[in-house]
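The following note sets out, point by point, what may be read from the model shown below. Please keep the sequence to hand while going through the points.

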Amino acid sequence: MNIRFNTDVERIEKLANGDLSLTLNNGENITAQAVLFATGRKPKMEQLLADGLELTLTKSQHIKVNDTFQTSIPSIYAVGDVTGGMELTPVALKKV
């Protein structure tokens, strides 16, 4: 297993022997039998809030919430990918 962080796969080609040839964004080419490409997510907060509203953010630029999903503005709650943590669809469906 070969794990690469902060590296994108630009191209994958299937070779005649069934292996995969990967071209990475750093110019490197590697051959593999299988590939798991996890892109990760970053919150896209532009245009999320009305002008003048500023929420407290975490180091990773997610919206900081308490145990009940309340933000730094008491009348605003946030759930899902914008709050960080486990980024799974069911988390976005959490009922408060």
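1. T7 touches L24, N25, N26 and F37, not counting residues up to four places away in sequence; contact here means heavy atoms within 4.5 Å. T7 is found in the segment before β1, a strand that spans residues 9-14. With a relative accessibility of 19%, T7 counts as buried; the classes are buried under 20% relative accessible area, exposed over 50% and partly exposed in between, with a 1.4 Å probe and protein chains only. A polar atom of the T7 side chain lies 3.0 Å from the backbone oxygen of F5.

2. The model is predicted, and local features need pLDDT of at least 70, side-chain atom pairs count only at pLDDT 80 or more, while totals for chains, interfaces and linings use all residues. Residues are numbered from 1 along each chain as its sequence is written, and side-chain values use heavy atoms, with hydrogens and water left out.

3. The overall architecture is as follows. The protein chain has 1 helix and 3 strands, and along the sequence these follow the pattern β-β-β-α. Helices (H or I, at least four residues) and strands (E, at least two) are DSSP runs, numbered from the N terminus. Of the 96 residues of the protein chain, 18% count as buried. Among contacts with a separation of 6 or more, 13% are between residues 24 or more positions apart.

4. D8 is likewise found in the segment before β1. Is D8 buried, partly exposed or exposed? At 42% relative accessibility, D8 counts as partly exposed. Neighbours within four places in sequence aside, D8 is in contact with T23, L24, N25 and F37. The C-alpha atoms of D8 and A38 are separated by 9.3 Å, although the two residues are 30 residues apart along the chain.

5. Strand β2 (residues 20-24) pairs with strand β3 (residues 29-32) in the antiparallel sense over 4 bridges; two strands pair if DSSP finds at least two bridges between them. There are 4 residues between the strands of this hairpin, and G27 takes a positive phi near 90 degrees.

6. S21 belongs to strand β2, and its bridge partner in β3 is T31. The relative accessible area of S21 is 19%, so this residue is buried. Leaving out residues up to four places away in sequence, S21 touches R11, I12, E13, L15 and I30.

7. E28 lies in the loop between β2 and β3. Its relative accessibility is 29%, and E28 therefore counts as partly exposed. Which residues does E28 contact, leaving aside its neighbours within four places in sequence? They are R4, L22 and T23. The side chains of E28 and R4 make a polar contact of 2.7 Å. Such a contact is a pair of N or O atoms within 3.5 Å; within protein, one must be able to donate a hydrogen and the other to accept it, and residues adjacent in sequence count only if both atoms are side-chain atoms. E28 and V9 are 19 residues apart in sequence and 9.8 Å apart in space, C-alpha to C-alpha.

8. Q33 is found in the loop between β3 and α1, the helix at residues 89-92. Q33 counts as exposed because its relative accessibility is 71%. Leaving aside neighbours within four places in sequence, Q33 is in contact with D19 and L20. From C-alpha to C-alpha, Q33 and G18 are 7.4 Å apart in space and 15 residues apart in sequence.

9. The largest nonpolar core consists of 5 residues: M45, L55, I63, A78 and V82. A nonpolar core is a set of buried Ala, Val, Leu, Ile, Met, Phe, Trp, Tyr and Cys residues joined through side-chain atoms within 4.5 Å. Beyond neighbours within four places in sequence, L55 is in contact with L49, I63, T71, S72, I73 and I76.

10. The largest pocket is lined by 20 residues, and N2, I3, R4, L36 and F37 lie nearest its centre. β2 and β3 each supply at least two residues of this lining, and the largest share, 3 residues, comes from β3. A pocket, on a 1 Å grid over the protein atoms alone, is an open set of points where a 1.4 Å probe fits, with protein on both sides within 12 Å along at least five of seven lines; lining residues have an atom within 4 Å of a point.
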